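Subject: Structure handover

Hello,

Here is the structure I promised to pass on. Please open it alongside this message.

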Amino acid sequence: MKRQLRRAALAAAAVVALLFSQHPARLRAETGAVAEGRYDLVITNARVVDGAGNPWFRADVGIQGGRIARVGRIAPAEGARVVDARGQILAPGFIDVHTHVEDIYSLPEAENFVRMGVTTLVSGNCGGSAVNVNEYLGGVRSKPLAVNLATLVGHGSVRAAVMGTANREPSAEELQKMEGLVEQAMRDGAVGLSTGLIYVPGTYAKTDEVVALARVAARHGGVYATHMRNEGERVLDAIRESIHIGEQAGLPVQISHFKISNKRWWGRTGETINLVREARARGLQVTVDQYAYTASSTSLDSRLPSWALEGGREEAKKRLADAPTRARVAKEMRDALKRSGFKDYSYAFVASHRADPALNGKNIAEITKQVRGKSDIKSQIEQILSMYEAGGASMVYHSMGEEDVRRIMREPFTMIASDSGVRRRGEGVPHPRGYGNNARVLGRYVREQGIIPLEDAVRKMTSLPAQTFGLFDRGLVREGMAADLVIFDDKTVADLATFEQPHQYAAGITHVFVNGELVVADGQLTAARPGAALRHTPGAVGVKSGLSGPRENTPADGVRPADKPRP
Ligand SMILES: [Zn+2]
């Protein structure tokens with residue numbers, strides 16, 4: 001009984017604390033006096049870029065209980081701790097909506113992300129996610145993270161759980177099972193459904209299957225994020241399919257890593273962008289994300305025809321052992337290369353090949369010459385097949401045009417996202433985007449080239465991703481919002497990671513706050529792990545269309561307190 005009373009008292013105290021921390025302005029108006037040291041932390045003298053796209057303004061920011069308690073003039077004495085941001089920019093922490101961090105609990109500090117100002121990650125992209133979203137997000141409780149974590153549920157993972165890598169349509173029963181898994185994932189807090197329609201097994205799905213599963217995500221107010229079926233010669237059809245899925249299922253569409261990766265098609269982003277503009281003009285919520293590089297990164301497997309990969313690597317190896325089948329695979333690869341506009345595979349660099357790490361950082365043409373003594377297309381294809389048989393590789397493909405990257409960046413509906421995983425320093429030669437993406441936009445594209453204004457770049461990294469993925473209490477420097485913040489020097493911010501030397505942290509990022517705690521201070525990682533699991537709450541159950549208005553979750557709904565680890 002005593003215990004119950006105590007619990008009730010604690011709950012009441014918590015409610016009072018919450019009220020006070022969320023409404024300091026009201027408190028101030030009623031009492032007319034401000035107690036000293038009322039904020040956990042005060043950031044002074046900042047030029048605030050608030051995330052909405054407005055020109056910077058000078059203000060101090062007070063943080064209390066993990067939230068932004070006040071924006072305005074605050075005497076330093078009011079803060080238990082003061083961070084002077086003189087000469088620097090204060091912005092909302094960057095939200096990276098396109099990541100692959102299923103393994104984040106093995107690298108909970110996520111240093112490559114926080115050191116470029118990223119405070120929230122959305123994982124589960126390109127069709128690949130944890131199927132048990134509750135377990136995945138729940139991991140934050142036992143293994144606290146430096147960043148906030150949200151996830152999509154991946155169509156490919158759900159399909160694999162129900163029907164393996166079968167190259168066929170699902171039976172009615174199988175589809176029902178898949179719908180059930182998506183339903184559960186959405187109830188567990190997934191922010192939407194993702195697809196990877198070039199990958200096994202997502203590539204085996206017809207449009208209707210995706211529509212059926214997207215409908216389930218739509219019922220819970222989720223988004224549909226897609227790695228489209230094609231990013232080259234059939235990219236227009238692929239965009240049309242994505243929009244069609246969103247329209248049929250009634251939910252917002254996010255086209256992932258929007259690009260043109262076919263050399264013959266370079267310069268045609270006007271057409272791809274127009275499809276998105278037209279859809280938006282019709283009232284469909286379509287947005288895109290992009291990383292600021294002319295190279296992509298994915299598996300070596302993606303160079304092989306998908307029919308050859310059915311059943312997994314062992315099955316595929318058996319297929320490749322049959323000479324006529326191997327010849328057919330080689331011929332299709334040759335044709336695809338020709339259509340892509342590249343003269344050979346010198347645009348394809350090995351990021352990580354476990355069977356022979358000495359090949360990391362080299363391109364397929366070089367490797368073929370080194371291994372086989374000659375480097376004609378036939379030999380290069382043979383080399384790719386033997387590397388596939390030896391376990392495959394992750395790759396970096398230099399396949400995009402700079403002008404297209406810039407044109408996509410200028411569009412108001414484009415957000416900035418890395419498509420990266422958590423990086424172990426020094427391991428392999430991965431794409432540099434995981435260390436430099438946000439800093440590269442702020443340095444190269446904003447300061448050096450003037451492609452977009454600073455305030456717009458920040459908007460693309462903060463409020464736009466937050467609002468698109470339903471994280472409504474983040475992405476803006478406003479009273480009441482979560483205190484995810486970054487302080488950086490706009491005159492020096494830059495990406496140092498290169499394709500040759502990718503393991504370099506970004507420059508000019510001085511302080512990073514996650515839920516009010518410093519995870520980067522004076523450019524160095526701290527020991528703090530204040531990241532929260534961000535579960536999408538099913539506030540919009542029953543709403544048929546994601547187009548009819550904003551989802552109904554309140555700002556505080558983004559975080560269920562149970563998932564927020566307490567120090
Ligand atoms: Zn992808």
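Below are the findings, starting with the whole chain and moving to single sites.

**Overall**

Please keep in mind that this is a predicted model. The protein chain has 17 helices and 21 strands. It runs to 567 residues, of which 58% count as buried. Take the contacts between residues at least 6 apart in sequence: 76% of them join residues at least 24 apart.

**The zinc site**

Start with the metal. Three protein donors hold the zinc ion: Cys126 through SG, His227 through ND1 and His257 through NE2. They lie 2.1 to 2.2 Å from the ion. Along the chain, the donors follow the spacing C-x100-H-x29-H. Cysteine 126 sits in the loop between β7 (118-123) and α4 (133-142), while histidine 227 belongs to strand β11 (residues 223-227), so this pair ties together parts that are 101 residues apart in sequence. Histidine 257 is in the loop between β12 (253-255) and α9.

The cut-off for buried is under 20%.

Histidine 257 has another point to check. Its phi is near 30°, a positive value in a residue other than glycine.

**Helix α9 and its neighbours**

The loop that carries histidine 257 lies between β12 and α9. Helix α9 packs against α8 and also against α14, so I take the two pairs in turn.

First, α8 with α9. Helix α8 covers residues 235-249 and helix α9 covers residues 269-281. Their axes come within 10 Å and cross at roughly 20°. Angles under 35 degrees count as roughly parallel, and α8 and α9 are therefore roughly parallel to each other. The crossing of α8 past α9 is right-handed. On the α8 side, the contact uses Val235, Leu236, Ile239, Arg240 and Ile243. On the α9 side, it uses Glu271, Thr272, Leu275 and Ala279. By class, this contact has six nonpolar, one polar and two charged residues.

Asparagine 274 is also in helix α9. It counts as partly exposed, at 35% relative accessibility.

Second, α9 with α14. Helix α14 covers residues 402-410, and it packs on α9 at an angle of about 25°, with the axes 10 Å apart. That makes α9 roughly parallel to α14. This crossing is right-handed. Helix α9 brings Thr269, Gly270 and Ile273 to the contact, and α14 brings Asp404, Arg407 and Ile408. These residues divide into two nonpolar, two polar and two charged.

**A buried helix and a buried serine**

How many residues of helix α16 are buried? Eight of the eight are, so α16 (residues 454-461) is largely enclosed by the rest of the structure. The buried residues of α16 include charged names: Glu455, Asp456, Arg459 and Lys460 are among them. Leu454, Ala457, Val458 and Met461 are also on the list.

Serine 420 is in the loop between β17 (414-416) and α15 (433-448). It counts as buried, at 0% relative accessibility. What does serine 420 touch, leaving out residues up to four places away in sequence? It touches His98, Thr99, His100 and Val101, together with Asn112 and Phe113, and also Arg433 and Gly434.

**Backbone points to look at**

- Valine 200 and proline 201 are joined by a cis peptide bond, with omega about 5°. Proline 201 is in the loop between β10 (192-196) and α7 (207-219).
- Asparagine 45 has a positive phi of about 60°, although it is not a glycine. Asparagine 45 is in strand β1 (residues 41-48). It is partly exposed, with a relative accessible area of 25%.

Best wishes

Note on methods:
Residues numbered from 1 in each chain as written. Predicted model: local features only at pLDDT ≥ 70, side-chain atom pairs only at ≥ 80, totals over all residues. Heavy atoms only, no water. Axes fitted to C-alpha atoms, helices over the stretch in contact; angles between N-to-C directions. Helix = DSSP H or I, 4+ residues; strand = E, 2+ residues; numbered from the N terminus. Parallel < 35°, antiparallel > 145°, perpendicular 65-115°, else oblique. Left-handed = near helix turned anticlockwise from the far one by under 90°. Contact = heavy atoms within 4.5 Å. Donors = N, O, S within 2.8 Å, 3.2 Å for Na, K, Ca; no water. Buried < 20%, exposed > 50% of the residue type's maximum accessible area, 1.4 Å probe, protein only.
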